[in-house]
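Visitor: I'm new here and I'd like to know what the labels mean. Could you show me the structure and take my questions?

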Amino acid sequence: MAGKRIRCPDEQPPRFGSGWKMEETSVRKRREDEKSIQSIEHKTTNLQKELGLFSGICIIVGTIIGSGIFISPKSVLSNMEAVGPCLIIWATCGILATLGALCFAELGTMITKSGGEYPYLMEAFGPIPAYLFSWTSLFVIKPSSFAIICLSFSEYVSAPFYSGCNPPQVVIKLLAAAAILLITTVNALSVRLGSYVQNVFTAAKMVIVVVIIISGLVLLAQGNTRNFENSFEGTKLSLGAIGLAFYNGLWAYDGWNQLNYITEELRNPFRNLPLAIIIGIPLVTGCYILMNVSYFTVMTATELLQSQAVAVTFGDRVLYPASWIVPLFVAFSTIGAANGTCFTAGRLVYVAGREGHMLKVLSYVSVKRLTPAPAIIFYGIIAIIYIIPGDINSLVNYFSFAAWLFYGLTIFGLIVMRFTKKELKRPIKVPIFIPILVTLLSMFLVLAPIISQPAWEYLYCVLFMLSGLIFYFLFVYYKCGWAQKISKPLTMHLQMLMEVVPPEEDPE
């Protein structure tokens, strides 16, 4: 015993034999893995909390301002029939978007899972409402939004070539389909290319907004106020007309419900997030009101309603001979908004797929491109189907009905969780009257147009949503054997055809 050398636990054993080589390799691999994990954790920590209040406001403004302000003024005015009520609608839409965003800020800091309304509805009401939201978003909300923006793009691109008359519908629809194919291809091929496109077009849309507002203010200073005299004359209001005017106005504010996604990257988010909302959305509201005022400085209400592309008409009357910049930059703005819609597609489907609520293949990632190619291509196909029979106004009504049904249900879930989930931490807590008011307004927006001005698009939307229940009970709840036999081979075939794999599990 006295002659035997005792080896310390940390000391390496003698280097001989294959056993040592295997042990050495295993130890080295473990150490490399530990270093890699520590490096990843360190990088992840460094990437967080880099956005201040000003950055948050810029993100809000850049997210909301898109194609809506160039297509909605005409629709809002057609329902209100006078300048005064039209401007009031734009201001009220901004207030409603601000209140809704504050409610979503509370939800986003209380339930920190990704997927938008999906985890909020799951927490508040259970799997069926959450599934119906993901189903409706997949088949109605996201693709119809994509189709509306691309139709807006095609109208503004074609308008200069058909001066004095409306472009043929065939031309508009073909251009819109081409835009959908182009954007879908760009985002399916490369995340980086899609982000570059987004950055360039975001800058372009802010340029045209500033140009229109400054031109309008100059015209006002020169005394062009004739179209604002007797601004409430001829107003004919009804609940249905007010609801439809809100649909079109709120379409221009779409994106307010996405603001809680910046929480993890904001410095001091519990202070800066509500401040960014309170400053950012009213700033957008001011821009929208000033742009409408600019339109009315050069066009009467009748002329605005007769214009095929409002901003193009404004440019022809104010900026000639440089009026060509208006349709060019509006086209950039709308294509940027469409690219942003497509760029963010797939996250909701991924979350729903992870819960077993959607076909897994729609949440897969391309092996070569590292993009959610199946989800992006699916959105593109559904959007093209929508533009064939639809026009912008009917699609806006279709989109808004479905969107505000679930916005209202989600914010009602906030009220419910105040009583059923008292144990959840609420770093941001809005006064209870705000979610109650937004819920009541959402109910009005959903019911008023149906009661006073029923249209086919509402029926189609309801049928689409209810059809989701069939798929839920077959594929999710009961997991019928024959249904699984159909879905599994389809998933495997698409996986091999498109060279896609399941994404890594979300740590949440």
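This is a predicted model: local features need pLDDT of at least 70, side-chain atom pairs count only at pLDDT 80 or more; totals for chains, interfaces and linings use all residues.

Visitor: How many salt bridges does the structure hold?

Guide: There are 4 of them in the structure.

Visitor: What makes Glu106 and Arg418 a salt bridge?

Guide: The cut-off is 4 Å between a side-chain nitrogen of Lys or Arg and a carboxyl oxygen of Asp or Glu. For Glu106 and Arg418, the closest N and O atoms are 2.9 Å apart, so the pair qualifies. Glu106 sits in helix α4 (residues 83–110) and Arg418 in helix α16 (residues 392–420), so this pair ties together parts that are 312 residues apart in sequence.

Visitor: And why is the pair of Arg426 and Glu106 called a salt bridge?

Guide: Here the closest N and O atoms are 3.6 Å apart. Arg426 is in the loop between α16 and α17 (433–452), while Glu106 is in helix α4, so the pair ties together parts that are 320 residues apart in sequence.

Visitor: Are Arg426 and Glu106 buried or exposed?

Guide: Both Arg426 and Glu106 are buried. Arg418 is buried too.

Visitor: What about Glu303 and Arg317, where do they lie?

Guide: Glu303 is in helix α11 (residues 301–306) and Arg317 in helix α12 (residues 310–318), so their pair ties together parts that are 14 residues apart in sequence. Their side chains meet in a salt bridge at 3.1 Å, N to O.

Visitor: Why is Glu303 called partly exposed?

Guide: Partly exposed runs between the 20% cut-off for buried and the 50% cut-off for exposed. Glu303 has a relative accessible area of 30%, so it is partly exposed. Arg317, with a relative accessible area of 45%, is partly exposed as well.

Visitor: What does the side chain of Asn248 reach?

Guide: It reaches the backbone oxygen of Leu244, at 2.8 Å.

Visitor: Which residues does Asn248 touch, leaving out those up to four places away in sequence?

Guide: Among them are Ser72, Ser75, Val76 and Asn79, and also Asn393 and Val396.

Key
Residues are numbered from 1 along each chain as its sequence is written. Side-chain values use heavy atoms; hydrogens and water are left out. Helices (H or I, at least four residues) and strands (E, at least two) are DSSP runs, numbered from the N terminus. Buried means under 20% relative accessible area, exposed over 50%, partly exposed in between (1.4 Å probe, protein chains only). A polar contact is a pair of N or O atoms within 3.5 Å; within protein, one must be able to donate a hydrogen and the other to accept it, and residues adjacent in sequence count only if both atoms are side-chain atoms. Contact means heavy atoms within 4.5 Å.
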